[in-house]
Amino acid sequence: MGDSYDVIVLGLGGMGSATAWQLAARGARVLGLERFGPAHNRGSSHGGSRITRQSYFEDPAYVPLLLRSYELFERLERDSGLAGISVLCGGVMVGPPDSRTVAGALLSARTWDLPHELYDAKELRRRFPTLTPQDDEVALWEAKAGLVRPERTVEAQLALAARGGADLRFEEPADGWEVLPGGGVRVTTGRGTYTAGQLVVCPGAWAPQLLAELGVEITVERQIMYWFQPRGGTHAFEPERHPIYIWEDAAGVQIYGFPAIDGPELGAKVAFFRGGGTVCTPETIDRTVYDHEVRAMADQVAGQLPDLPGTFLKAATCMYSNTPDEHFVITRHPAYPESVTVACGFSGHGFKFAPVVGEITADLALDGRTAHPIGLFDPARFGSRE
């Protein structure tokens, strides 16, 4: 029959590695299965940086989870001994006052009494000469915004999971899983068959294949991250001088960007926040970045950051796995509520939640419930499939 565990975790990216860490910390016997190696760029947990912020324009309901995630990122650094996972350089949400980016961030900040400031265009240009807003644009400044490093986060979470006794197996994808008539689950791979009382599925861009019966239409989209060398170098873009930003222009186009965190040779990273991505699968994604795509990014930032685009350095693709309303799915599997927990649909804004998602999925797997507010992520919001 193979080895038996308390919980099997499928997928050891940002969410799966957090789940394995939290389960192992509670003394559970954990098996983690990952189709690739412990560090890879074929999913959604790579690219060197992800924005973290609390004044969340997507919905104020996320804020309590963000506050807990900040606490857990601090614990992750402390317990793993791996420094530099989180860099709180401050951040601005920029755009017209009635844009979703600004108005939504302001709503969350006021709803939860989060420290913030509002800048008009003149003040924003004065504080951050790297940014050139239009006269009718404003910005919400949040000192606690910044970035987390996805590769370093996954490394730390895997290290703590292994330290807690988790059995982590890489380059061993699951061929399939089933719920057993007497309770528990069975997972089959090319190397063996494993059983457990509980299964947690954190599939990332593989969600449409692994969770077809979930009743949620998850679309996988190819997106691109770009690195440019600013004119005049990276000095003005260092974290002490340049914030993270999400910027929505009058046409509703959103971009986001980072300070130069990897030294003067690697420039500053920018990307489109959403939109324009090509629907794909993990097997069909085109990893080539084309000249017209670089030009589109360069043309967009040219009017917003005077020292960019400068010189194009490199680009990398990743995959967004999106639900129809762009909110997550975190739930006990509707068809197998006694045995299976699901966490998916995070792309575009999910990585900053990884540690708290791990806490939630561990709660659901071990206790069947969580005290965290996750009503927004119930797939029942989409109705049932006919």
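Let's start with a pair of strands: S13 and strand S16 (residues 268-272) run antiparallel and are joined by three bridges. Helices (H or I, at least four residues) and strands (E, at least two) are DSSP runs, numbered from the N terminus, and two strands pair if DSSP finds at least two bridges between them. This is a predicted model, in which local features need pLDDT of at least 70 and side-chain atom pairs count only at pLDDT 80 or more, while totals for chains, interfaces and linings use all residues. Residues are numbered from 1 along each chain as its sequence is written, and side-chain values use heavy atoms, with hydrogens and water left out.

Stay with S13 for a moment. Within its pairing with S16, Trp227 has Lys269 as its bridge partner. S13 also pairs with strand S17 (residues 278-279), again antiparallel, over two bridges, and there Arg222 sits opposite Thr278. Then there is strand S18 (residues 311-322), which is antiparallel to S13 and joined to it by 11 bridges. In that pairing, Tyr226 faces Ala315. What holds such strands side by side? Strands of a sheet pair through backbone hydrogen bonds, either parallel or antiparallel.

Is S13 mostly covered or mostly open? Mostly covered: 10 of its 11 residues are buried. Here, buried means under 20% relative accessible area, exposed over 50%, and partly exposed in between (1.4 Å probe, protein chains only).

On a 1 Å grid over the protein atoms alone, a pocket is an open set of points with protein on both sides within 12 Å along at least five of seven lines, while a cavity is a set of points where a 1.4 Å probe fits but cannot get out; lining residues have an atom within 4 Å of a point. The second largest pocket has a volume of about 210 Å³, where grid points are joined across faces, edges and corners and a volume is the space filled by probe spheres set on the points. Which strand gives the largest share of this lining? It's S13, with four residues. Helix H7 (291-302) supplies at least two residues as well. Among the lining residues are Arg222, Tyr226, Thr278 and Glu293. Sorted by class, the lining has four nonpolar, five polar and two charged residues; Ala, Val, Leu, Ile, Met, Phe, Trp, Tyr, Cys and Pro count as nonpolar, Asp, Glu, Lys and Arg as charged, and the others, Gly among them, as polar.

While you're looking at H7, find Asp299, which is part of this helix. Asp299 counts as exposed because its relative accessibility is 62%. Its C-alpha atom is 7.8 Å from that of Pro309, 10 residues away along the chain.

Next, the nonpolar interior. A nonpolar core is a set of buried Ala, Val, Leu, Ile, Met, Phe, Trp, Tyr and Cys residues joined through side-chain atoms within 4.5 Å. The largest one has 66 residues, with Leu23, Ile244, Tyr256, Ile330 and Phe353 making the most contacts inside it. Helix H8 (residues 354-367) gives the largest share of this core, seven residues. Apart from it lies another core, of 25 residues, including Val94 and Trp141.

Asp363 counts as buried because its relative accessibility is 12%. Leu23 is 340 residues from Asp363 in sequence, yet their C-alpha atoms are 8.5 Å apart.

Not counting residues up to four places away in sequence, Ile244 touches Ile51, Gly146 and Leu147, among others, where contact means heavy atoms within 4.5 Å. Three strands form an open antiparallel sheet in the order S3-S8-S4. Its edge strands are S3 (50-52) and S4 (86-87), each pairing on one side only. S3 and S8 (residues 146-148) share three bridges, and Thr52 is partnered with Gly146.

Finally, look in the loop between strand S2 (30-33) and S3 for Phe36. Phe36 counts as buried because its relative accessible area is 14%. Leaving aside neighbours within four places in sequence, Phe36 is in contact with Arg42, Phe170, Glu171 and Trp206.
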